[in-house]
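My notes follow in the order I made them.

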Amino acid sequence: MDIERKQLYVTQMRGMFNKRALYSDESGQYKIPFEPEPGDQVTILFRTMKNNVDAVYFISGSIRKPMKVGLSRNGFDYYEIQIQAGEEPIHYYFEVICGKIRCYYNKLGVSRELQESYSFCIVPGYKTPDWAKGAITYQIYVDRFCNGDETNDVITNEYYYIGKRVNKVEDWSKIPDTMDVNNFYGGDLQGVIDKLDYLLELGVEVIYLNPVFVSPSNHKYDIQDYDYIDPHFGKIVCDKGELLQGGDNDNSHATRYINRVTNQENLEASNQLFIRLVEEAHRKGMKIILDGVFNHCGSFNKWLDRERIYEQEDGYDKGAYISKESPYHSFFKFHNEHEWPYNEFYDGWWGHDTLPKLNYEDSPKLMEDIMRVARKWVSPPFNVDGWRLDVAADLGHSLDFNHKFWREFRRVVKEANPEAIILAEHYGDARSWLQGDQWDTVMNYDAFMEPVSWFLTGMEKHSDQFRQDLLGNAEVFMDTMHYQSSQFCRQSLETAMNELDNHDHSRFLTRTSHRVGRLADAGPEAASENVNKAVLREAVVMQMTWPGAPTIYYGDEAGVCGFTDPDSRRTYPWGHEDRELLRFYKNIISVHKKYSVLIGGSLKFLYKDYNILSYARFNKEEQIIVVVNNRAEQAYVEIPVWEAGIYRTQDTTVEEVFSTNAIGFSMVEKEREVKAGVLALDLFPLSAVVLHRIEEKPLYD
């Protein structure tokens, strides 16, 4: 008899304390209702092996109350207690007593020592949109996705930006330059509309658009006008004026550009096209999230107007750069009050004069204007479904004001559209923003992207470092995931944007080669050399089975490679896709959408070894078991699936519903035997297996 099964047998027969049976979390299985309101009666559950412990206590602050067994099922006792939710958050953990053994249980699991900072938490009234929980999300960097309307393309020499005149790239497949901000490929909103059926077939439920407002760069994180879609992404119905000539780099002479981005006909037509995009997406059952850049704007912005785009245009007030008497003077922090007209001494974000920092603390009018913008786009006729917030923790000049701003932002957005999501870009501990009064959730760098990248590739997310000690280190992966996930309330974890890569980082497929480098020093060819699609498939299986919203960066499903920004912003290879990889994505997405336990189910690690990992997503009726073998050779494992609730006195089976390995992938279903709660598997090299079981006749005791 093998060691795992023998230990289980001894535990069952002798009634020894089994700490691996202990379990609780903040999911809807162990906290009912899942998102309670103030005044609700909340039932809290805690699981132990049947008849295995003497007492379980619920502890919250100075309160220590005994819990009672409310249900015994499949060899487990479920202790429960009812508590009243008030207005304030409730932090709690459990104390378990078995003979002389006393231990505690919190978000990190079992501990002999009390760690209150990792307590479970109930935040009454904290609700995240149900549609966003586990939603398949697709990120589009618009300029590089699809060119649906060539009449709105940026024209070479149309204007001047950061040391160069802008350039229209004629070859869609051209690799980005190392300095790429001035290059435009022509992708636009019509291209997104044209590809909605493609996204629907892929299985996409939410489209996240990088910024689309009027802006001079291809990335558009330097907003020029928050009220309008950039006509280069939208519609140009009035096209007149001149390009820059000869050696002239003065944008006040770029009359073609000025007309395109200030002419009201173009602006209104572009907004109308955006309305059509949202309506078409909604009609197909998809949501739209916009990128909100509110920490800073751009030097072209009409409030500043450093480029003198708006200075002579009718219907626009003078910008703060132009005149000290500008109504927007307080929107920016100037340091030389004697420099007007054309005062260039203002605060830039991280010192960048092309990204002027917005000065909210000194400008109630700015605050009012941005809140109007926040409300406008989630309201009719635009009706977008939420905001992704760029560098959200940097906004303002103090942390206190930052929190004040986001509280007001949430109030305004949720009043206009209660189902809109508020999702922030953030690195590090976000707990102070995730208390139900500010953000709904975050881009999940710390509890998904980075740990998965280190475990499966040993690579840092920019491809700047390779660490052999982290490649395949399942223990570090598990500890990191436990720790980082503990900083989320469950409702924010279920809506977190789980990405493998995005516009700011290297493509995950490129990281599978273990090549350290960037476009400037390694060259574009190196990004595609020696990549391993089997490792990418492992990562995507984890992405589709982990708590949160799996977010695909456009082109990953087609095999796009690239080092970090700007190389990760290559165009989508229409007509040259990796068809087999695309088929893989469609199938694994269908698995994610088929099993509801992958949305709200509990998570538990079951097994770890070097380059091998197994975890479960489960509730009382249904279980998904995931096993990953990141080794280049076969491996034999015995997984204690009883910990996920597949605990029976008789043997049973689970259904293998998806598998991938070094050769390819399969949706062929296979039965796998479970003996005494243990699943034995022979794993192929570089493989991931997804198994499913649903309880038909639970054993109630």
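First, a term: I count a contact when heavy atoms lie within 4.5 Å. This is a predicted model, where local features need pLDDT of at least 70 and side-chain atom pairs count only at pLDDT 80 or more, while totals for chains, interfaces and linings use all residues. Residues are numbered from 1 along each chain as its sequence is written, and side-chain values use heavy atoms, with hydrogens and water left out.

**Entry: S363**

I looked up S363 and its surroundings. Leaving aside neighbours within four places in sequence, S363 is in contact with S330 and F331. Is S363 buried or exposed? S363 is buried, at a relative accessible area of 0%. Buried means under 20% relative accessible area, exposed over 50%, and partly exposed in between (1.4 Å probe, protein chains only). S363 sits in the loop between β19 and α6 (364–378). Helices (H or I, at least four residues) and strands (E, at least two) are DSSP runs, numbered from the N terminus.

**Entry: the eight-stranded sheet**

I traced an open sheet of eight strands with parallel pairing, in the order β22-β21-β20-β19-β16-β11-β24-β23. Two strands pair if DSSP finds at least two bridges between them. β22 (441–442) and β23 (497–499) are at the edges; each has a single partner strand, so one side of each lacks a neighbour in the sheet. Helix α5 (residues 264–283) packs on this sheet and touches β16 (206–209) and β19 (287–292). The direction of α5 makes about 140° with that of β19. For angles, axes are lines fitted to C-alpha atoms, for helices over the stretch in contact, and values run from 0 to 180 degrees between N-to-C directions.

I then checked β11 (residues 137–140) against β24 (residues 549–553): they pair in the parallel sense over three bridges. T137 has T551 in β24 as its bridge partner.

**Entry: the four-stranded sheet**

Another open sheet runs β1-β2-β6-β5, with antiparallel pairing. β1 (31–32) and β5 (68–73) are its edge strands, each pairing on one side only. β1 and β2 (residues 41–49) pair over two bridges. K31 stands opposite I44 in β2.
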